[in-house]
There are 2 protein chains.
Amino acid sequence: MNSSWLRLAGAALIVLAAPLQAQSDPLPSWNDKAAKKAIVEFVKATTTAGNPKFVPVPERIATFDQDGTLWVEHPLYSQVMYILERVPAVVKAKPELANTEPFKTVLSGDRAAMAKLTDRDLEILAVATLTGMSVEQFQSEVSKWMAAARDPRWKKPYNELTYLPMQEVLAYLRANGYKTYIVTGGGQDFVRVYAEKTYGIPPEQVVGTATGTSYSYGKDGKPVLTKDPKLVLNDNNAGKAEGIHLMIGRRPHIAFGNTAGDQQMLEYTAGGDGTRLSLLVLHDDAKREYAYGPAKGLPDTKVGAFSQALYDEAKKDGWVIISMKDDWKRIFAFEK
Amino acid sequence: MNSSWLRLAGAALIVLAAPLQAQSDPLPSWNDKAAKKAIVEFVKATTTAGNPKFVPVPERIATFDQDGTLWVEHPLYSQVMYILERVPAVVKAKPELANTEPFKTVLSGDRAAMAKLTDRDLEILAVATLTGMSVEQFQSEVSKWMAAARDPRWKKPYNELTYLPMQEVLAYLRANGYKTYIVTGGGQDFVRVYAEKTYGIPPEQVVGTATGTSYSYGKDGKPVLTKDPKLVLNDNNAGKAEGIHLMIGRRPHIAFGNTAGDQQMLEYTAGGDGTRLSLLVLHDDAKREYAYGPAKGLPDTKVGAFSQALYDEAKKDGWVIISMKDDWKRIFAFEK
């Protein structure tokens, strides 16, 4: 074979390789920058037999915070929207609540007054809307709400406000033998209702803030589990690491978060033996989504913020920062 | 082809069919009686597309009590053996305990005195042996103990005292798309240490009595989860149904138990919509294993008994009773 044949063959290979490579890109909505590289390298290293960073299939556990990591959390967590929007139905069933706080304020629709509701007020509303019914009744109510509710900015159902790049990461990890878990400060029972349809994550792989249930018998003699106000797991901060041990019993090899509430989950993941990777989503895209937390020049906010201290810890400990602005080509599937 | 050829072919088919059928029997250690038939019919009906009893794969949840259902629970639960056998090491680390009760009684080795230990005594011993260390230390101690400990009757490691017919059921259900869970009154962290090796059940599919953990930082700055005495889930009686909701979030389609502590799990399973099956293992084989509970002519005992009332409920509600004596050809893999 002479040299021109070799050159021709080389050119043909290049032509062939380009579309093949594009086709096999598992993260097409990500720009080819450090965050994408870190994820792809982690997956390749931990799934290649013989690689010193190899992780056996049963130990491939991946955990994801939900609000602000898998979908939009501004201006309010979707569960808080649910709680507020359920108040009229609760008051209809118990009319005596109409003139008592905090129900009265919520019914007034006065946004300025509602913004002043205290944590204790929200707890009262949560107990009234999330407990006191059977688990099946609750599931049915949340399903109906999710189908009808619309985000105030995009006017879309909440499950369309998931981040496309993160959906790609979920699918990519699963295709490589990882079990994907949601580990959320939100209600475990709430998120379980839609997690399978929204993220392909079954109920048993959703760890969240959980209240107990009480076993009793209905009028037909059949067992009923009624949702109780008693807190079993506060799945925030240290509770995320504790909740992972309680519900999964293995330490994740890769974890994604975005706020101070995820700090301990990310530390716990990064602190394990062998190959581990912790990643933080930075909300720095005021145009396509929101900018808050330590994004330059933006005030820290109560919802979804991670502090400068957490940002510094991430940098110091080699966690990967995901910039929504720089790392994500597209944020939502509905974008063109 | 003449009739003798046909006869010859027929005979050959019969000869061939016998071993093929034997080979494809998923439950070879079971006698061909009602219990085996009920299990096989349940699996066939729930996994055959188009069958009115079909259950989609994601909903195929099977739950198993452990002690007395998957392995021997007499004369003491293996976890109680662990607690008692850990006492010398605990006293070695804290010599001041040697002269305080109940440690003194356990150290004496006086079986008659040990049999009189109260529930409160056992709780003190459990807190001393199961909590106060990191989850990794605990896992390492239980692993070492399981490798060395021997059952007092058969002188075998506990993981060889699993019931072969139930191991066959676990494998059969998994081969048909069922996720198999242990739902045990025993310690969740304890059972998780050996469940994967012993039953092929990963830690995240073990639901058990659980105490909390506390997140802190070690001297090297790395996160540590320390086992706490605080009870998070008492996975007995109503706690089994509540624990299933907490940890799995779906109602089982098939459940196996053997004692009053499993009553609510079996009721909860049987009470669901669609195809459900609840089964009770009856310990009625004094020769090959033990006979207790409502087995005819035998006294009820504290450990592992199910009452006549539960037996009657099972009969009334169509649960399947598995007689160890009549339904199981072999009980242990080590039997000839």
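Which side chain meets that of Glu204(A) in a salt bridge? The partner is Arg250(B), at 3.0 Å from N to O, a salt bridge being a side-chain nitrogen of Lys or Arg within 4 Å of a carboxyl oxygen of Asp or Glu. The model is predicted, with local features requiring pLDDT of at least 70 and side-chain atom pairs pLDDT 80 or more, whereas totals for chains, interfaces and linings use all residues. Residues are numbered from 1 along each chain as its sequence is written, chains are lettered from A in the order in which they are written, and side-chain values use heavy atoms, without hydrogens and water.

Across the interface of chain A and chain B, eight salt bridges are found. The two chains bury about 3,200 Å² between them, 49% of it on carbon and sulfur atoms; buried area is the accessible area (1.4 Å probe) that two parts lose on being put together, summed over both. In chain A, the most area is lost to chain B by Glu204(A), Tyr215(A) and His245(A), together 20% of what that side buries.

Chain A also contains an open, mixed sheet of seven strands in the order S4-S3-S2-S1-S5-S6-S7, where strands are DSSP runs (E, at least two residues) and helices likewise (H or I, at least four), numbered from the N terminus, and pairing requires at least two DSSP bridges. Strands S4 (223-233) and S7 (320-323) of chain A stand at the edges with a single partner strand each, so one side of each has no neighbour in the sheet. Parallel strands S1 (residues 61-64) and S5 (residues 254-257) of chain A are joined by three bridges, and Phe64(A) stands opposite Phe256(A) in S5(A).
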